[in-house]
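Please keep the sequence and the 3D view open beside the text while going through the points.

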Amino acid sequence: MPTTTTTTEPEPEPEPFPVGAAWESADIDLGADTWIRDVAAAGDTVWAVGRRDNAPLALRSVGGGPFEVVDLGPPPGSGDIVLLGAAGGVDGALILFGLRGSDCFGGLAVEGGFTRGALCRVNRGAVFASSDGGATFTYVEPPEMVLGGRQSVDLRAAVHDGEQFVAVGTVRGPDWHARMWTSPDGVTWAAAGELRDPDGSTSAIDVRHAGDTLLVHYEAHPCARDANFNTPGYVLGSDWPEHARLAAGPGPASLAPVTSADLELVPAPRPVDCAVDDPFLLAREPYPALRIASAGDALVVVDDSNDEAGRVAGETGVAQRVDRSWELEMVATGDAHALIDVVDIDGRPALLERETSGGLKRLLVTVSGDDGWSARESASPVLRDSPLIGGAVWSGDRVVLVAHRGVDGDEQRRREILVRTSAPVDR
């Protein structure tokens, strides 16, 4: 008899849910004035850091689990400590860094020994260093980040370059400039150089590392008035220009400016005549803005300008530096969207944006792929109104975004923390 063979086609594997199409929500209310200033990933752990009233605040999510508050000790007896970022190194090295504030006024004593609403005018560097992935911390105020008097060190950003931590910050005082430091372990720090723009006063913004290159984002303040000590501390007059600059090199001691000839996104310095140009009016002139990031072995620079500064609506310039050369692409993005963060999704850069109009806002994720960029908008609104975004990272198989907003009707300036996580797979 003839033999009949029946072939059964295997069922196709379920398609992964598009990253950013669906989001899960969780809110955390600590009953305090809580701010989230940065979100960072170190291994399988996501850190969200900021402040709780006048004390440092760190939340940790391990392996995609819920966020938990990390005990960093009691609130300071005076002044405040604000965490501005987290950076992971190798073999469990980790730092949570920020500012230790003093010369404070105002504020209301609240339950638990906290002070709410104080304004501190003098800052110095503050670092919580760990060698075991955050199981334990050592707190230091590096002497190299303490100037004395009423001058401040505003520690802004830090990264690990595979061998050491590199931090950047701004010296706020009569000699206003950007400064860099390095540390092998987050506890012992050394000065590693300065950044001074030819146009005058200079502020540090961010630092990233990829491959064998360090990238520093800083700002020049042409025609800014001499620094004076005022209500918020040292300032450069009532307002001042913030003109984006970049510098790159193997390390802090060998940085060179990235010019518009190297990368079209970098704006050419605007010619100024400080005898004629009013710094207050100059600060209001449109000027291109930048955002830097890293994705895999590439450094990333994103045009974060508005249309008044020449950006074309619905397009975003994205440059990647691989093998020591810059490649610029114009990426189609949302017409009425604002950039939240640049996320490293498995070594590929992704732009996370939110709608700018309406009370309920959708999110848009635009990801670089082998066949170009693809955009995925959330199927329903994810955010209400305009909460302040701490940041977003890729962790495992999902994007994690953390923000904060005021609690409706609360007279004690209480704020809650918002966690939004992209769904990893089709449900």
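1. A salt bridge, as the term is used here, is a side-chain nitrogen of Lys or Arg within 4 Å of a carboxyl oxygen of Asp or Glu. This is a predicted model, in which local features need pLDDT of at least 70 and side-chain atom pairs count only at pLDDT 80 or more, while totals for chains, interfaces and linings use all residues. Residues are numbered from 1 along each chain as its sequence is written, and side-chain values use heavy atoms, with hydrogens and water left out.

2. A search of the whole structure for such bridges finds 27 of them. One of these joins the side chains of Arg116 and Asp53, with a distance of 2.7 Å from N to O. The pair links distant parts of the chain, since Arg116 belongs to strand β9 (residues 114-116) and Asp53 to the loop between β3 (45-52) and β4 (55-62), 63 residues apart; helices (H or I, at least four residues) and strands (E, at least two) are DSSP runs, numbered from the N terminus. Are these two partners buried or exposed? Arg116 counts as buried at 10% relative accessibility, and Asp53 counts as buried at 5%, where buried means under 20% relative accessible area, exposed means over 50%, and partly exposed lies in between (1.4 Å probe, protein chains only).

3. Glu141 forms a salt bridge with Arg100, the closest N and O atoms being 3.3 Å apart. Glu141 is partly exposed, with a relative accessible area of 28%, while Arg100 is buried at 12%.

4. The side chains of Arg150 and Asp103 also meet in a salt bridge, at 3.7 Å from N to O. Arg150 counts as partly exposed at 43% relative accessibility, and Asp103 counts as partly exposed at 29%. Elsewhere, Asp27, Arg405, Glu416 and Arg420 are linked in a network of salt bridges.

5. The next topic is aromatic rings. A pair of aromatic rings is described by the distance of the centres and the angle of the planes. Rings of Phe, Tyr and Trp (its six-membered ring) pair if their centres lie within 6.5 Å, and planes under 30 degrees apart count as stacked, over 60 as edge-to-face and the rest as tilted. How many aromatic pairs does the structure hold? There are four aromatic pairs, and one of them is the tilted pair of Phe128 and Tyr139, at 4.7 Å centre to centre with 45° between the planes. Phe128 lies in strand β10 (residues 119-130) and Tyr139 in strand β11 (residues 138-140), so the pair ties together parts that are eleven residues apart in sequence. Phe128 is buried, with a relative accessible area of 5%, whereas Tyr139 is partly exposed at 31%.

6. Trp176 and Trp240 form an edge-to-face pair, 6.1 Å centre to centre and with 65° between the planes. Trp176 lies in the loop between β13 (165-172) and β14 (177-183), and Trp240 in the loop between β19 (233-235) and β20 (243-249), so this pair ties together parts that are 64 residues apart in sequence. Trp176 is buried at 7% relative accessible area, and Trp240 also counts as buried, at 19%.

7. Backbone angles deserve a separate look. Most residues other than glycine have a negative phi, and most peptide bonds are trans. Asp91, although not a glycine, has a positive phi of about 55°; Asp91 lies in the loop between β6 (80-88) and β7 and is exposed, with a relative accessible area of 74%. Asp323 likewise has a positive phi, near 55°, is found in the loop between β24 (315-322) and β25 (325-332), and counts as exposed at 71% relative accessibility.
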